[in-house]
Amino acid sequence: MTRPTVTAPDTAEAADLRLVALTKRFGAFTAVDELDLVIPQGSFFALLGPSGCGKTTTLRMIAGLERPTSGRVLISATDVTDTKPYQRPVNTVFQNYALFPHLDIFENVAFGLRRRGIRGSEVKRRVADALELVQLGHLARRKPAQLSGGQQQRVALARAIVNRPAVLLLDEPLGALDLKLRRQMQVELKRIQTEVGLTFVHVTHDQEEAMTMADTIAVMNAGRIEQLGDPTTLYENPRTTFVANFLGQSNLVAATLVGRDGEHLVVEAHGQRLALPAARCATSGPNLWLGVRPEKLRVVADGTAAPEQNRLTGVVTDASFVGVSTHYLVRMPWGQELGVVQQNDGTPPLRPGEQVTLTWDPAHTFGLDAAQDAHSGEDRDAGAAELAGAAS
């Protein structure tokens, strides 16, 4: 498979952080493989991928906690590859908060300032500003054990920000929080990043978390970047099967290119003619995966559909009501089951055994290289959750 070309959204001159051919090997295992990346100044950047993809190792090399096997790390155009961690203009927020239980909140935040020799009114002012930013100024004299998990995470963030680093690294910072609190903190983190204007580099395996907060996401797989872009582009126009399956769910149907009609390619999939925009096709070969997201499909029980729509006919095999939407599985004549997410708008639900027609706008179709594994990037243990995410 051809390695995807990764282009950064800004120039190196305007960047706080640049990784050049960064590589890390542990014996015969390559955790990070010649990573080239430019992260623009003041951006909220996410490294997203499954466990073992190399994202945390990359973060640790930026922080100086892991020494690269080869390659360079530059911050504000300064090569810090061989610089000690405490000498880098970088702070890290970890999942476990790492607060000092015997110190109150004020002293936890002030700790780094005092280590740098800052004293007196300057400490008070900067700690007060940092706690006000995270909306915890009224809890300055409490101990960490007296705070909730979300409040402790805010203290850890204030402690990292108060030192005014050039780059703030976040290593799965919300992983220990429950779902409701995690979503609240996603909004708070984005607000804080916007207010302080620092470069945030956020490592996570949570697709929703990355898409909610980040301006730009690098989807990592096996130590390399599969695709880099803004959340909308990655979701709507994936360039590999890994990205298509890792960010939500995708229906991928084997198809063959048979012609072109203006700006659309015409393909044949199991005897059916379908269209996709040429600009949304990531392969030039005749064989491809025709992709469409479950929530882009519409179910038509009586077989009627607009002539310009793509369409396939099948039989409903499963229907799952999940509140805001219903998730269907529809078996195609060739045996493949396609996932469909339909909003519950009062339309009578479909029942297993009903024959239906699936229709969708060709503009929502994408094409991928047929040489790639159609199941690459799938989280088979979280299929239902991914469908729910696609519908939200």
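**Helix 2 against helix 4**

I looked up how helix 2 (residues 105-115) packs on helix 4 (residues 149-161) in this predicted model: the angle is about 30 degrees and the axes lie 7 Å apart. Axes here are lines fitted to C-alpha atoms, for helices over the stretch in contact, and angles run from 0 to 180 degrees between N-to-C directions. Helix 2 is therefore roughly parallel to helix 4 (angles under 35 degrees count as such).

I checked which residues make the contact (heavy atoms within 4.5 Å). Helix 2 brings Ile105, Asn108 and Val109, and helix 4 brings Val155, Ala158 and Arg159. I sorted these residues into four nonpolar, one polar and one charged; Ala, Val and Ile are among the types counted as nonpolar, and Arg is among the charged.

Helices (H or I, at least four residues) and strands (E, at least two) are DSSP runs, numbered from the N terminus. I noted that residues are numbered from 1 along each chain as its sequence is written, and that side-chain values use heavy atoms, without hydrogens and water. In this predicted model, local features need pLDDT of at least 70, side-chain atom pairs count only at pLDDT 80 or more, and totals for chains, interfaces and linings use all residues.

Next I traced an open sheet of five strands, in the order 15-19-16-17-18, with antiparallel pairing (two strands pair if DSSP finds at least two bridges between them). Strand 15 (298-300) and strand 18 (337-343) are its edges, each pairing on one side only. Neighbouring strands are turned by 45 degrees against each other on average, direction ignored.

I then followed strand 15 to strand 19 (residues 355-360): they pair in the antiparallel sense over three bridges. Val299 stands opposite Leu358 in strand 19.

Technical notes
Parallel < 35°, antiparallel > 145°, perpendicular 65-115°, else oblique.
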